[in-house]
Amino acid sequence: VLEMIGGIGGADARGLIDRVFGLYEAHAPDALQTLEQKFAEGDRDAIAEAAHALKSMSFNVGARRVGEACDTLEDVARTQSDTPIEPHLAAVVTALTDALARIEDLKAAA
């Protein structure tokens, strides 16, 4: 994904990558907060929608583990009403924490 984004950015590839990462760092925590709020409210449809939103933005920046965890959470929330959501939400939190740390590492190495 970074190579694709870099290719789009041409001579300013690093700047474009930094902007994409910056947007993710700004919006992913808010998306997670929304997801956690919907979990607290117990609204499975809203949980699925919030997981879908975070999934999309995560796949767009190459945060596959976050996207995959959100995909699983979305599926459980939509189709498995007797399955607890909490472990799947915890997986999303862990994956996002790791992804944001990795982004920081990549930015520091640039």
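Arginine 78 forms a salt bridge with glutamate 74, and their closest N and O atoms are 3.4 Å apart. A salt bridge here is a side-chain nitrogen of Lys or Arg within 4 Å of a carboxyl oxygen of Asp or Glu. The model is predicted, so local features need pLDDT of at least 70 and side-chain atom pairs count only at pLDDT 80 or more, while totals for chains, interfaces and linings use all residues. Residues are numbered from 1 along each chain as its sequence is written, and side-chain values use heavy atoms, with hydrogens and water left out.

Both arginine 78 and glutamate 74 belong to helix 4, where they are four residues apart, about one turn of the helix. Helices are DSSP runs (H or I, at least four residues), numbered from the N terminus. Arginine 78 is partly exposed, with a relative accessible area of 46%, whereas glutamate 74 counts as buried at 9% relative accessibility. Buried means under 20% relative accessible area, exposed over 50%, and partly exposed in between (1.4 Å probe, protein chains only). Salt bridges that share partners join Arg78 and Glu74 with Lys55 and Asp71 into one network.

Lysine 55 counts as buried, at 13% relative accessibility, and aspartate 71 is partly exposed, with a relative accessible area of 39%.

The structure holds five salt bridges. Another of them pairs glutamate 41 with lysine 38, with the closest N and O atoms 3.6 Å apart. Glutamate 41 and lysine 38 are separated by about one helical turn, because they are three residues apart in helix 2. Both are partly exposed: glutamate 41 has a relative accessible area of 47%, and lysine 38 has one of 22%.

How do helix 3 and helix 4 lie against each other? Their axes come within 8 Å and cross at roughly 160 degrees. That makes helix 3 roughly antiparallel to helix 4 (an angle over 145 degrees). Axes are lines fitted to C-alpha atoms, for helices over the stretch in contact, and angles run from 0 to 180 degrees between N-to-C directions. Residues making the contact (heavy atoms within 4.5 Å) include Ile47, Ala51, Leu54 and Lys55 of helix 3 and Val66, Cys70, Asp71 and Leu73 of helix 4.

The largest nonpolar core has 27 residues, and those with the most contacts inside it are Tyr24, Leu35, Leu54, Val66, Leu73 and Val92. Helix 2 (13-41), helix 3 (44-61), helix 4 (64-79) and helix 5 (86-109) each supply at least two residues of this core. The largest share, seven residues, comes from helix 2. Such a core is a set of buried Ala, Val, Leu, Ile, Met, Phe, Trp, Tyr and Cys residues joined through side-chain atoms within 4.5 Å. Leaving aside its neighbours within four places in sequence, valine 92 is in contact with Leu32, Leu35, Leu54, Ala69, Cys70 and Leu73.

Proline 84 is found in the loop between helix 4 and helix 5. Proline 84 is exposed, with a relative accessible area of 53%. Between proline 84 and leucine 73 there are 9.9 Å in space, C-alpha to C-alpha, and the two are 11 residues apart in sequence.

Notes:
Angles under 35 degrees count as roughly parallel, over 145 as roughly antiparallel, 65 to 115 as roughly perpendicular and the rest as oblique.
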